[in-house]
Structure formats: C-alpha cells, structure tokens
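Please have the sequence and the model open while going through the points.

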Amino acid sequence: RGARAVPRARLARGDGRAPSSPRPRPVRPAVRRVRGAHPPTRWRWRSASDDAASLVHPPELDALAGSSSLETVDPTVAHVDEAARVWYVPSFLDAASEAAVATCCARLRAKKKMKPDKSFARGRRAAMVPAADDAYAVFSGARVCDTLRSMTGSLCTDGLRCGDFPIEARLYLPGAEMQWHRDVRLYKTPQLELIFTVANDGDGKTQWVGSDGAVRSIRPEPNSVLLFAADGAWHRVVPATKGERTIVKALYCPDGNTAKTPAFGECLENAPWRR
C-alpha cells in the first residue's frame with residue numbers, strides 16, 4: 001500500500017491533532033459589476049472613518065528615510081517594537097509548512113492567477129489563496145495563531161483568530177512598490193497584518209517608523225514574518241532594482257471579533273483577483 005497522506009491539520013500544528021477552531025471561510029459578497037466600469041481605487045476611499053488619512057503620509061517621512069539616521073535591521077535576528085506594534089521574526093514556519101506555502105504560490109503563478117494590483121501598490125501582482133489549499137490551513141491553523149499570540153503578548157490576551165478576509169499571495173517584481181501608508185482598519189478592532197516572505201532574491205526593502213521616531217529598513221529573508229497592526233506604524237515597500245519577492249499576506253483579529261468597518265467591503269471589492 002502507498003504511504004498515507006499527511007492531513008492538512010498537521011501542517012498547521014506540527015502534530016496529528018485538529019486545530020482548536022474551525023478554519024474561517026473567506027467572505028465573498030456578491031458584487032454587481034458594470035462592464036467597462038472600474039471600481040474606485042483604494043486611495044479614493046471616502047467614509048466616516050479616517051481611512052483616506054492612512055494613505056497620506058507626513059511629508060517629513062521622505063526626508064527622514066533618506067537621512068543618515070536610517071537604521072538597517074538584521075534580518076537574521078528577531079525585532080520587536082511593541083509600542084509601534086511592529087514585529088519581525090525569522091525562521092517562522094517548520095519545513096513542511098514552508099514547503100506547502102511555496103508550492104501554493106508556485107502553482108498560482110504557473111496558472112497565471114497573479115493579477116496586476118491596481119490599488120495603492122504599484123507594479124504588484126496578487127492572487128487569492130484557495131481556502132481548500134494546504135497553505136490556507138497553515139496560516140489559519142492553531143500553530144500559527146498560537147505563535148502570533150505569544151509574539152504579541154498582552155495585545156492578544158482575549159484571543160486571536162485568522163480573519164475572514166481572504167489570504168493573499170503577492171508578487172513584487174522589479175520596480176513594484178508601496179508608498180508610505182498605515183494599514184487601513186478593516187475590522188472594528190484593528191487587525192494584525194502578517195507578511196510572510198516566501199522567496200526573495202531582490203534588493204527591495206521594507207521600511208517603517210519605530211516608536212522612537214527612527215526609520216528602520218529590512219530586506220526580509222525567506223520564511224520570515226513581518227507583523228503590523230492596522231492604524232499603527234507608517235511603513236512602505238521600497239522598489240527593487242533587480243530580483244523578485246513573493247509573499248503571503250494574512251489578517252488576524254486580536255480579540256477574535258470579526259465585526260467589520262465599511263473599508264472591509266471596499267477593499268474586498270477592489271482586490272485584483274476579483275477582476
């Protein structure tokens with residue numbers, strides 16, 4: 001007889017037990033589209049909240065990032081700034097989970113699922129990770145949630161779960177970038193946004209403003225995680241002149257509450273993989 005298949009739950013936990021909570025299903029609201037019409041882009045959001053303000057950065061950030069005070073973060077060492085709500089952790093997943101995520105991203109790219117992103121990012125491509133894929137099980141599973149809860153300490157004392165916004169695979173080609181921004185709050189309680197680097201042979205950087213006012217810069221290593229809180233630190237992606245970077249982005253609700261803001265629906269509607 002052939003070898004037994006490894007259940008997806010083992011990829012998420014590292015053992016044979018099922019996750020403690022059911023896998024969240026991505027929200028897919030019905031959106032009526034008009035042929036030839038393009039949905040409003042993210043930087044044109046106008047709502048009762050200050051979502052638009054999250055995309056208009058203070059002008060002094062550009063000068064600060066180009067000054068001698070720019071600090072380079074060692075990508076082989078964990079970095080924690082709880083006051084700014086920014087965390088970086090290398091060697092995040094075990095080998096089996098890392099391989100499952102890499103396989104998923106390669107499959108999405110081979111099937112030409114990576115669509116051009118017309119949002120605030122420029123030159124980026126993105127695809128939705130299928131909810132039935134092993135990679136989805138990895139990031140929605142108990143093992144990752146427990147690790148994030150341990151990383152963030154008191155921020156998640158009331159529980160933490162993977163949000164119901166679809167998990168995305170993203171591809172940064174040379175020249176792709178994101179200007180200074182703060183992640184828009186999609187849930188009533190500001191979500192945690194996980195950026196897992198799958199592969200990176202480019203020279204692009206991710207930069208953010210720390211709680212001490214210093215701008216920090218890192219070239220994330222494969223199998224590393226950057227974690228930002230929505231409405232938190234200003235950050236940006238500096239374009240690479242060569243090479244590519246593949247990431248997976250997943251959202252987490254610190255208190256387990258998935259009550260949403262109006263921006264949730266707008267962001268979902270404008271996602272490139274819905275076109």
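1. Helix α6 covers residues 262-269, and its buried residues are Ala263, Phe264, Cys267 and Leu268. Viewed along the axis of α6, these buried residues fall within an arc of 135°, so they line one face of the helix. Bear in mind that this is a predicted model.

2. Strand β5 (residues 122-128) runs antiparallel to strand β4 (residues 115-116), and 2 bridges join them. The two strands form a hairpin, with 5 residues between β4 and β5. Within this pairing, Pro116 has Arg125 of β5 as its bridge partner.

3. Strand β5 also pairs with strand β7 (residues 168-181), again in antiparallel fashion, through 6 bridges.

4. Is Arg124 buried or exposed? Arg124 is part of strand β5. Its relative accessibility is 1%, and the cut-off for buried is under 20%, so Arg124 counts as buried.

5. What does the side chain of Arg124 make a polar contact with? The partner is the side chain of Asp117, at 2.5 Å.

6. Leaving aside residues up to four places away in sequence, Arg124 touches Lys115, Pro116, Asp117, Ser119, Arg170, Leu171, Tyr172, Ala176 and Met178.

Key: Residues are numbered from 1 along each chain as its sequence is written. This is a predicted model: local features need pLDDT of at least 70, side-chain atom pairs count only at pLDDT 80 or more; totals for chains, interfaces and linings use all residues. Side-chain values use heavy atoms; hydrogens and water are left out. Two strands pair if DSSP finds at least two bridges between them. Helices (H or I, at least four residues) and strands (E, at least two) are DSSP runs, numbered from the N terminus. Buried means under 20% relative accessible area, exposed over 50%, partly exposed in between (1.4 Å probe, protein chains only). The arc is that of the directions from the helix axis to the C-beta atoms. A polar contact is a pair of N or O atoms within 3.5 Å; within protein, one must be able to donate a hydrogen and the other to accept it, and residues adjacent in sequence count only if both atoms are side-chain atoms. Contact means heavy atoms within 4.5 Å.
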